[in-house]
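Please consult the sequence and the structure shown below alongside the text.

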Amino acid sequence: MNKNKMSLEAFLRSNVSQNGYQFKSNGERRIAGFLEENQIDYKYEQGVLVQTREKLQRIYYPDFYLTEFNMYIEYYGMAGNPDYDNGIRIKESAYALTGLDVIAIYPKNFRTDWKGHIIKEIETKIQSEYESLSSKPYFSANEYRFFEQV
């Protein structure tokens with residue numbers, strides 16, 4: 001019994017980030033480490049109000065809120081479990097209905113370029129926002145003013 005308690009304590013200590021957050025999984029800790037290495041500010045499990053398909057409001061706690069980019073990262077660490085997969089579908093539907101930008105990461109992503117995937121998703125959002133801004137009349141009329149040196 002005491003041995004199990006010690007291993008749980010060791011697990012919890014091993015899943016603490018430089019920012020002091022205590023993570024529920026090794027996957028979350030890896031994502032946090034990547035964000036911290038790249039100086040991407042985040043909040044861990046910050047609540048967000050979402051709307052469900054049933055038009056109910058709920059508070060969800062996506063794993064990471066990227067404050068600078070107004071985006072979220074959700075790590076689905078138990079994907080492949082049928083009940084958990086149903087929960088993933090419900091969450092993704094609520095995120096989409098609410099208009100949240102959420103980057104989904106699955107355990108299988110760690111076998112590929114998951115870091116590049118996160119950066120590409122951020123880049124895509126920034127590019128989309130820039131294109132939206134550049135289509136505005138004022139921006140278009142003064143297109144290069146923002147980039148000239150004073």
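A residue is called buried when its relative accessible area is under 20%, exposed when that area is over 50%, and partly exposed in between. The model discussed here is predicted. By this cut-off, strand β5, residues 71-75, is mostly covered, with 5 of its 5 residues buried. The strand pairs with β4 in the antiparallel sense and with β6 in the parallel sense.

**Strand β5 and its two faces**

- In a regular strand, side chains alternate between the two faces of the sheet.
- In β5, M71, I73 and Y75 lie on one side, Y72 and E74 lie on the other, and both faces are covered.
- E74 is buried, with a relative accessible area of 1%.

**Pairing partners of β5**

- Strand β4, residues 64-66, pairs with β5 over 3 bridges in the antiparallel sense, and L66 has M71 as its bridge partner.
- The hairpin of β4 and β5 has 4 residues between the strands, and N70 in this hairpin takes a positive phi near 50°.
- Strand β6, residues 102-105, pairs with β5 over 4 bridges in the parallel sense, and Y72 has V102 as its bridge partner.
- Together with helix α3, residues 82-98, the strands β5 and β6 make a right-handed β-α-β unit.

- The side chains of E74 and K91 form a salt bridge at 3.6 Å, N to O.
- This pair links distant parts of the chain, since E74 belongs to strand β5 and K91 to helix α3, 17 residues apart.

**Other salt bridges**

- The structure holds 5 salt bridges.
- E45 and K24 meet through their side chains at 2.9 Å, N to O.
- This pair also links distant parts of the chain: E45 is in the loop between β1 and β2, K24 is in the loop between α1 and α2, and they are 21 residues apart.
- E45 counts as partly exposed at 22% relative accessibility, while K24 is exposed, with a relative accessible area of 57%.
- K120 and E123 form a salt bridge at 3.4 Å, N to O.
- Because K120 and E123 are 3 residues apart in helix α4, residues 114-134, about one helical turn separates them.
- K120 is partly exposed at 46% relative accessibility, and E123 is partly exposed at 44%.
- A network of salt bridges links D101, K125 and E129.

Terms used:
Residues are numbered from 1 along each chain as its sequence is written. This is a predicted model: local features need pLDDT of at least 70, side-chain atom pairs count only at pLDDT 80 or more; totals for chains, interfaces and linings use all residues. Side-chain values use heavy atoms; hydrogens and water are left out. Buried means under 20% relative accessible area, exposed over 50%, partly exposed in between (1.4 Å probe, protein chains only). Two strands pair if DSSP finds at least two bridges between them. A crossover is right-handed if, with the strands pointing away from the viewer, the path from the first strand over the helix to the second runs clockwise. A salt bridge is a side-chain nitrogen of Lys or Arg within 4 Å of a carboxyl oxygen of Asp or Glu.
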